[in-house]
Amino acid sequence: MNTDLLYHADSYLRNFDARVLAVREDAIALDRTAFFPGGGGQMADHGLLAWDGHDYSLSGLPKDDDYIWHMLEGPLPPVGATVQGKIDWEHRYRMMRTHTALHILCGLIFRDYGAQVTGCQMYVDRARMDFMLEQFDQAVIRAIEESANQAIQADYPIKVYVLPREEAFQIPDLIRTKINLLPPEIASVRIVEIVGLDLQADGGTHVKSTAEVKGIKVIKSENKGKNNKRLEIALVDE
Ligand SMILES: [Zn+2]
């Protein structure tokens with residue numbers, strides 16, 4: 001990857017300068033970017049790129065092995081040009097709060113029920129999560145919602161760091177989240193830890209402590225089979 005992923009080191013970075021490394025028909029590649037391209041269930045960022053005194057809207061962030069491509073509506077700057085990126089912070093910050101909320105749920109559903117999460121997807125106004133749990137009634141659903149809000153209020157710190165592959169593969173919490181599925185060529189693993197609650201290999205952007213999530217409510221639940229349950233949550237804003 002030739003694009004330095006600024007959001008991996010600092011998820012609160014909203015504006016950045018970068019240099020154009022490559023240009024194709026509808027997109028440019030930069031030496032560095034704070035735009036999250038989407039992945040792991042988290043939606044891609046929205047925002048603007050500015051050069052020559054004009055703002056241009058991002059229309060997509062496709063990713064390949066070499067670059068994150070910034071698709072733009074309008075003319076493209078040449079290789080070597082300097083551009084300024086501006087993240088749509090309202091959208092990104094909701095994604096950060098939602099993503100952390102899902103990790104809180106992962107941690108406490110495992111802690112309280114020994115159940116594994118099998119998938120998740122975030123949307124603008126909600127998120128869904130699938131997990132392997134047999135018992136699933138209103139009492140369980142309310143208990144999960146209550147524990148999540150308690151964990152949010154308890155304000156657990158969230159740490160992000162990188163571990164060598166061998167070291168990460170020794171950690172039981174990471175083994176349970178199927179770290180073994182990582183492709184063999186990946187030599188180091190980015191870890192997102194809600195200290196005392198959840199530990200995952202993760203490439204997404206998160207808030208720095210659980211209180212920033214503010215609160216969640218369960219808006220839908222679905223029984224998708226003996227061992228397959230789905231919850232939909234939404235953020236509570238005050
Ligand atoms: Zn995640």
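**The zinc site and what surrounds it**

Author: Starting with His-99: its relative accessibility is 1%, so it counts as buried (under 20% relative accessible area; exposed is over 50%, partly exposed in between, with a 1.4 Å probe and protein chains only). Keep in mind that this is a predicted model, where local features need pLDDT of at least 70, side-chain atom pairs count only at pLDDT 80 or more, and totals for chains, interfaces and linings use all residues. Residues are numbered from 1 along each chain as its sequence is written, and side-chain values use heavy atoms, with hydrogens and water left out.

Reader: And His-103, buried or exposed?

Author: His-103 is buried, at a relative accessible area of 4%.

Reader: Which protein donors does the zinc ion have?

Author: His-99 (NE2), His-103 (NE2) and Asp-202 (OD), 2.0 to 2.1 Å from the zinc ion. Donors here are N, O and S atoms within 2.8 Å of the metal (3.2 Å for Na, K and Ca), and water is not among the atoms, so sites may look incomplete.

Reader: How are the donor residues spaced in sequence?

Author: The pattern is H-x3-H-x98-D. Both histidines, His-99 and His-103, sit in helix 2, four residues apart, about one turn of the helix. Helices (H or I, at least four residues) and strands (E, at least two) are DSSP runs, numbered from the N terminus.

Reader: How many bridges between strand 11 and strand 12?

Author: Seven, with strand 12 covering residues 188–194. Val-160, for instance, has Val-192 in strand 12 as its bridge partner.

Reader: Now the largest nonpolar core. Which residues touch the most other members?

Author: Ile-104, Leu-105, Ile-109, Val-213, Ile-216 and Ile-233, out of 33 residues. Such a core is a set of buried Ala, Val, Leu, Ile, Met, Phe, Trp, Tyr and Cys residues joined through side-chain atoms within 4.5 Å.

Reader: Where does the largest share come from?

Author: Helix 2, which gives nine residues to this core.

Conventions:
Pairing = 2+ DSSP bridges.
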